[in-house]
Amino acid sequence: MTTTISSSTTLTQLDVLESEAIHVMREVAGEFERPVLLFSGGKDSIVMLHLARKAFWPSPVPFTLMHVDTGHNFPEVIAYRDAVVERYGLRLVVASVQDAIDDGRVVERADGSRNALQTVPLLDGITSHRFDAVFGGGRRDEEKARAKERMFSLRDEFGQWDPRRQRPELWDLYNGRHKPGEHVRVFPLSNWTELDVWRYIEREGIALPEIYYSHQREVFLRDGMWLAPGGWGGPRGDETLETRTVRYRTVGDMSCTGAVESDATTVADVIAEVGASRLTERGATRADDRASEAAMEDRKREGYF
Amino acid sequence: MTEPTHHSQRDLLRLATAGSVDDGKSTLIGRLLYDTKSVLADQLSAVEAATAARGGGQVDLALLTDGLRAEREQGITIDVAYRYFSTATRAFVLADTPGHVQYTRNMVTGASTAELAIVLVDARKGVLEQTRRHATITALLGVPHVVLAVNKMDLVDFDRATFDAIARDFTEYATGLGLSDVVAVPLSALDGDNVVDRSARTPWYAGPTLLEHLEAVPVLRDPHTEDFRFPVQVVIRPRTAEHPDYRGYAGRIASGVVRVGDELTVLPSGKTSHVVGIDTFDGPLDEAHAPLSVTLRLADDVDISRGDVLLPTGGDTVVGQDLEGTVCWLAERRSVLGQRLLVRIGTRTVRALLREVNARLDVESLTVEQWRGVDTLHAVDATDTSSDASPQALTLNSIGRVRVRLAEPVPLDDYATHRRTGGFLLVDPADGSTLAAGMVGRTLLDRLVVEAPADEDDWMAGAGI
């Protein structure tokens, strides 16, 4: 049953990125006691899970999954999450923003957006389960504060990111040592771009939640973005619902994740569309990053993903 | 941008740039990103808005690459930033590092993974002290390919003689450092001449544009010419009904090639066995080469764990307890002779003591100051952190030669010949911070020694060889 995979001396870009991500995941398995993989049901976390399956085959994935649940989820994404957990026999921990609101750890914002509220349940989840390594799907091409992020990113006991305390990373020697109470965020997709992720999804035949592909949806326009209605607070008085052919480029809290108008029904369509796009995925679809020049940097400092 | 249909054949080149804003480094990177259509409209409009907020003027492409608030506020680059761009045939990961002497550690970091370094000079100024420093760090870290980007050619009227003189000057210096592949390109980052598109203003220049050269440089040395090295990361033992007895050694091939049937030795134990399987999730392979992540199965049930290295039987690898090498000190705290350390090498971490700091490279004058023997006065008190530090200490950004005693024997590959396995970290056992990054064995530093004292001990003799 030996398959002959090309042994040309130059690996493709996707081979190299995959190999690097698998290397990082195995380093975490070798160096940490209680790793967890943040799983939102978004494409980046789905790719991470796929890489984890490859890294440890034929063993099962040795990481727990954690979903930070804003309560404003796309139902398709939750269904996808539960199906994946079932299929691969994974352990899932849910850190709920609603619970955090109910017991007073965080306060609902006036605009109804819960994106920024995820930090507290995320950190509480890490602390209560004593997770020491936390895989995130962040990529350096997403945003300029992320461009300086390390593969292994140290967080203090308050979960905070201090850019000045980050360790230099040389060669492929990742230093994951930390003091009790501290943890390390690990970003195996650091060197991937949005297009790389899509091409990898195509190459590997990875299934995604349907909302990534073109579909008809009732949406309304707010701040130049098409948002889906929901109990979180939309549409408001002067905003009107209309049916559009859309898809999502990112999957986040419904209150701040916009749809883009698109006819892309297949991975190949999406790749063509992303390649031709003149907007970054965050710029196009994430209200949270538009707040200020340093919006992401500030949230990262507080312990955000 | 039309997406290439053959992106599945695209490979990946890691490169680093060193230079200061004055050299037009940010403009050059901005030009590469912009001309390869890697800057999208919202990023550009954010930069335009930020430029306007700072008083306007020409759109400042440097703002594309300065990520942190302090950097934008102070107009400097503090940290290594990674940039991504691609063409039809190749994807690029660019480590953008600040060029000033106080950021030497960032240059070292960026160069550690780079296959190519772009060294920038201003055509009006030619090769400066900082240019030589960038070339030295490039050579020290063993970056195989160098591009001298002679920028601002528009300000010297695209004068050929000026370019030729700078190229000659630099190439001569670089060759002396052991850099064998140097290509000089005359360009104007501001106007785009010879960055992506060929300039009509340099008819005398027959060489490639910067991007053409970046697309043509070989990504890796031929793995068939390198020694196989496989640091074991984890042992895969599923113990499931389907795979009750499976035992595989997972890792990434650091260098070279492995084939089914190869006879391998496990270091440091010295046990041997041969490869019966090269496994991946997608199926078994007959042969695999760097930098692929695979899982190896061996014929015999030998004791192998994380930190061990698999390599061809009969090789000449040293297993030793005395680590001699060149380090770049990365921490604010200075080195203290006798201090306890953890050494991270490959996938192994061992306890260690800093025995000697016996030379230091002055990165401004590019000369090496040698110190003889152990500084016993300071070695006795490793906890002394008083301000009157030992002169034989390494401080932030300094580059020096050290001898470290390891608690157990480990395989030691010379960095000069094994760039993928000859690097190491010195870690503070107290808080886990990375104190220094080092290269095993003789490096460029040893070649830069101006005058060796007559009674110098043969320090190589103590290298456990």
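These legends go with a few close-up views of a predicted model.

**View 1. Where chain A meets chain B.** Chain B puts 62 residues into this contact, and chain A puts in 56 residues. On the side of chain B that touches chain A, you'll find 28 nonpolar, 19 polar and 15 charged residues.

**View 2. Helix 1 and helix 2 of chain A, packed together.** Here helix 1 (residues 13-31) and helix 2 (residues 43-56) of chain A cross at about 75°, and their axes are 9 Å apart. That angle makes helix 1 of chain A roughly perpendicular to helix 2 of chain A. Helix 1 brings E18(A), A21(A), I22(A), M25(A) and R26(A) to the contact, while helix 2 brings L51(A), A52(A), K54(A) and A55(A). Sort these contact residues by type and you get 6 nonpolar, 3 charged and no polar.

**View 3. Cis peptide bonds in chain B.** Most peptide bonds are trans. The one joining L267(B) and P268(B) is cis, with omega about 10°; P268(B) sits in the loop between strand 10 (263-267) and strand 11 (272-279) of chain B. Going from A290(B) to P291(B), the bond is cis too, with omega near 0°. Look for P291(B) in the loop between strand 12 (287-289) and strand 13 (293-298) of chain B.

**View 4. Positive phi at K152(B) and L366(B).** K152(B) isn't a glycine, yet its phi is positive, about 65°. This residue lies in the loop between strand 5 (145-151) and helix 7 (160-176) of chain B, and K152(B) counts as buried because it has 22 C-beta neighbours inside 10 Å. L366(B), also not a glycine, has a positive phi near 60°. Its loop runs between strand 17 (348-362) and strand 18 (367-370) of chain B. With 16 other C-beta atoms within 10 Å, L366(B) is partly exposed.

How values were computed:
Residues numbered from 1 in each chain as written. Chains lettered and ligands numbered in written order. Predicted model: local features only at pLDDT ≥ 70, side-chain atom pairs only at ≥ 80, totals over all residues. Contact = placed C-beta atoms within 7 Å. Nonpolar A, V, L, I, M, F, W, Y, C, P; charged D, E, K, R; others polar. Axes fitted to C-alpha atoms, helices over the stretch in contact; angles between N-to-C directions. Helix = DSSP H or I, 4+ residues; strand = E, 2+ residues; numbered from the N terminus. Parallel < 35°, antiparallel > 145°, perpendicular 65-115°, else oblique. Buried ≥ 20, exposed ≤ 12 C-beta atoms within 10 Å, placed from the backbone.
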